[in-house]
Amino acid sequence: MYAKKLTRLSIFAGLLAMLALPSLGFAQLTSYQEKEWLGVESHIGNITGHATAGVAPYRRYCVGCHGELGDGNGENAQWIDPKPRNFQLGIYKCRSTPTGTLPTDEDLFDTLARGLDRSNMPAWSTFSKQERADLVAFVKHFSPRFQSDKAGPPIDIPAEPEVTDDRIKAGQAVFLRAECWKCHGVTGQANGPSAATLTDDLGKPILPFNFTEGARPKCGSTDRDIYRIFMTGLDGTPMPSYADNIKPDEAWDLVFYLRTLMSQNSKEKMMAKKLGLKPITPPNGP
Amino acid sequence: MRMWAQSHLCQKAQRVPSFLAAAFVLLFLVVSSSQSANALPAFARKYGLRCSACHESWPMLNFFGQKFKDNGYQLMNDRDSPIWQNPGYWPVTFRITPIWHRVSTNKVQVDTVPGNGDGLGEAKITSSGFDLSGLDFHTGGTLEKNFSFYVLPSSDPTASFHFETVMARIDNVGGSPWFNVKLGKFELDNLLSEKRILTLTGNGGIYQLYHFIPAGDGNVFGQMGDNQLGLEVMGHSLNDRTRYSVALLSSNDGQVGLPYGSESYSTFITGSQAFDTGKLGVDRVGFYVMAGQAPTSYLTNFGAPIGGSGTQNKGFSREGFVGQFYFGPHADVTVVTQHGEDSAWFGQGYGDYIDNPTGICLNSTGSGPCNNTPGTQLIAGARNPTWNGVLVEPHYVVSPQMIVLARYETIRMSQQSTPGTPSNLGNITTYTAGFRYNPFMTSRAGWAYHAEYNWWHQDGTSPVTATNLTSSEVLLGIDFDF
């Protein structure tokens, strides 16, 4: 009789324990309550993103790397190279805005969908546009820069001219003059004399882009994207903005020349082959 | 005024009384002190993503996870190549679930007097106790960019193993996401995946629609919930909003060794389109068709059917629509419909003679083994059995760590094979409700407290009196993979 009662009591206690454990979850889940101070918005076309609505998707998709504080110290950060972005700093590589300025909402919106090659940031292209806009707002709320500053004005990108042999040759001259080769190497293999010494703004080693291995440039792979990359620079990295050193027409020449270095087939690559274009020779040798 | 470096995500709970929270914390620490698990579920470990990135609640995929799967377990960036794997990477995940459950069935066949052997009685049996689910060893990943594999040895609770999944796949053939091929034994491309079902009870742990067989029917080959052997071509748009798949399958319900017919095949075709519905999310609608033929006649040796000798193929089909509708980040509902039809030969019990050689059919010659030997005729008026069904599964995602779910399924016979059979014979209705809570969420392991209740009812199929059969089950467990 005693054993039977004890058994029943054990079963009851066991069931109670199993049902009680998940209740702990509710205690934790209240941390998702929306706060009034999450008032940051993003504006993508006619879509308005709300930081409050970005909490749930951030928690689901982003927090593992970027961390609960948005400081890039999620639990996975220790295994990731390059390290996840620290949203608190408000510094972004992929912008349409001048160096040193904040990116536009569209810049962040596009980055989410495109992902960042050569990093652990995947392309979140399955999200709805609203979800992405909400995440942009939520990402912005981490940084005081977005509360005090406005995004810079997007740079002007003139219409892409027709590629010609002369433009490719001119682009090669820009590549030499602007000393792109110092990091990217004379053949674009990321083996320039400075390549091994590069660090980002946080002092962590960083590699220049290797044009020859078939990778997609981080901030987009269209001609306009490549133009934008070296005219805005990649803030937080050693890649500077050349907006003050290269004229818009020269910038297009450089885009055409960079295409000849890439392993992907392109019109420029074919033209360079016909031209018999040789790698540049730096003043003191490669 | 908050400090900018603080996040509301770190706010402490406000609603739960402190003494209760403390008690729960203590209980939690005692019972589940395993948060230091340092091994890695295969894919999450490789890419450094939390479970929740790919799973609405594991193992159920969200759209991002579906896209990852459709790309051949690749994120389609430079990290897909195996060279990016940490040398310690070992792409194996195992999953087993210790549970407590209580099962009650209203009419189980019993002897009228224990031991007399007549088997003419029926009794309600209710039992409860601690138990185990089966054990799955998942291993899969990329061998090279766009070349991947998946192998899943699986056991029942007694550790009897079989291969649940073995497949090799090639993705992005010709550089196009519209052409991907896999060969082997694999799950059919069901938008609502039964292999990723969130429920665990005996009747709630499967989708009834995916396994329905009319009462007395001999067709085991149309079970779209079972992994099948074959070749699948599938494709999708870059963002996975548009998908299709076409599979050619052996009509053997996934059993190896060509056990049934020598030349019997079936096909499974799906298509779906997802739509950006603004604040609601990304919703998807699609269709599926499973159609094929399977044998009903076997050569015999001393009366026993010979494997692989099946002929006299007869047809069957299952088709329906699938919708996955999201209502913001927290609520969604999946709906699956089905219309099914079997050949009258299956309806009369022919078909699965290999596994059921003593099965008895009623035909024009009276009752006998279900073998469609030359000269066999169907009983007068025998018709193709047909049915319709619907499945509705709503979820409320409290957070990535907590999901509350429910399911309603019903299947109604629209035409019985044998004239005069009660129209509701074999109809199924089932309800399932439960929740899963993940106390922690990392890229290292999965751990879920699971609670579920299922009620299942079928008309007229009790074993002796042919009256209604009802079963219910309560299940509590800890589901984990590692």
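Predicted model: local features only at pLDDT ≥ 70, side-chain atom pairs only at ≥ 80, totals over all residues.
Local features are reported at pLDDT of at least 70 and side-chain atom pairs count only at pLDDT 80 or more, whereas totals for chains, interfaces and linings use all residues. Residues are numbered from 1 along each chain as its sequence is written, with chains lettered from A and ligands numbered from 1 in the order in which they are written.

Most residues other than glycine have a negative phi, and most peptide bonds are trans. Against this background, the peptide bond from Asp81(A) to Pro82(A) is cis, with omega near 0 degrees, and Pro82(A) is placed in the loop that lies between helix H2 (51-66) and helix H3 (105-114) of chain A. Helices (H or I, at least four residues) and strands (E, at least two) are DSSP runs, numbered from the N terminus. In chain B, a cis peptide bond runs from Trp58(B) to Pro59(B), with omega near 10 degrees, and Pro59(B) belongs to the loop between strand E1 (55-57) and strand E2 (60-61).

Positive phi values occur at Met76(B), with about 65 degrees, and at Asn172(B), with about 55 degrees, although neither residue is a glycine. Asn172(B), found in the loop between strand E8 (161-170) and strand E9 (180-186) of chain B, is instead partly exposed (between the buried limit and the exposed limit of 12 or fewer), with 17 other C-beta atoms within 10 Å.

How values were computed
Buried ≥ 20, exposed ≤ 12 C-beta atoms within 10 Å, placed from the backbone.
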